[in-house]
Amino acid sequence: NASMFRFADFIGKRVEHCVAFGSLTEEDDAVDVVMIKLGGDTFWHRFFLDAGIGFWEELSCSEAFVDLDDFPCLDIAERWNLKGEVIQFAQCATGDADGRGSEIRLRFLMGCLTLRYIDPSNEESPTIIEFAPLDG
């Protein structure tokens, strides 16, 4: 848990499942938590942003969703066709030139999935999930 770190265990693994939980609406995808299950893992990875820094934890299948029952769920893997895609790079890094507002980025051959603050200068602002396809 820090403003900058890499998810070394993610590199080269395929996405089996990826879901987000939060106050999802038609207007935006404000999310609190992202859960991802990778090929070969027997557990779920949970990551989120809070107080300007990134958090990542591994949870058993029985523990992974215990405290998320009351939140709407968005199937990120289905929305952006990520199921089976291989993660090329994964990190938490500062979101702007002034070192404010960490972002968590998962890069695939087809694009980049980013969890970030709507306003990087305000650590109390909601976090959103976005997918940016790569050109080419």
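Colleague: Is Trp 44 buried or exposed in this model?
Modeller: This is a predicted model, and the accessibility is computed from it. The relative accessibility of Trp 44 is 10%, and the cut-off for burial is under 20%. Trp 44 therefore counts as buried.

Colleague: Thanks! How many aromatic pairs does the structure hold?
Modeller: Rings of Phe, Tyr and Trp pair if their centres lie within 6.5 Å. By that rule, the number of aromatic pairs in the structure is five.

Colleague: What kind of pair do Phe 10 and Trp 56 form?
Modeller: Their ring centres are 5.5 Å apart. The planes stand at 90°, and an angle over 60 degrees is called edge-to-face. So the pair of Phe 10 and Trp 56 is edge-to-face.

Colleague: Nice. How many residues apart in sequence are the parts that this pair ties together?
Modeller: Phe 10 sits in the loop between strands S1 and S2, while Trp 56 belongs to strand S5. Phe 10 is buried, at 0% relative accessibility, and Trp 56 is partly exposed, at 23%. The separation of the two parts in sequence is 46 residues.

Colleague: And at what angle are the ring planes of Trp 44 and Phe 65?
Modeller: The two ring centres are 4.8 Å apart. The pair counts as edge-to-face because the planes are at 80°.

Colleague: Which residues are in the cluster with Phe 65?
Modeller: Phe 65 is partly exposed, with a relative accessible area of 25%. Ring pairs join Phe 65 into a cluster with Phe 21 and Trp 44.

Methods:
Residues numbered from 1 in each chain as written. Predicted model: local features only at pLDDT ≥ 70, side-chain atom pairs only at ≥ 80, totals over all residues. Heavy atoms only, no water. Phe/Tyr/Trp six-rings, centres within 6.5 Å; stacked < 30°, edge-to-face > 60°. Helix = DSSP H or I, 4+ residues; strand = E, 2+ residues; numbered from the N terminus. Buried < 20%, exposed > 50% of the residue type's maximum accessible area, 1.4 Å probe, protein only.
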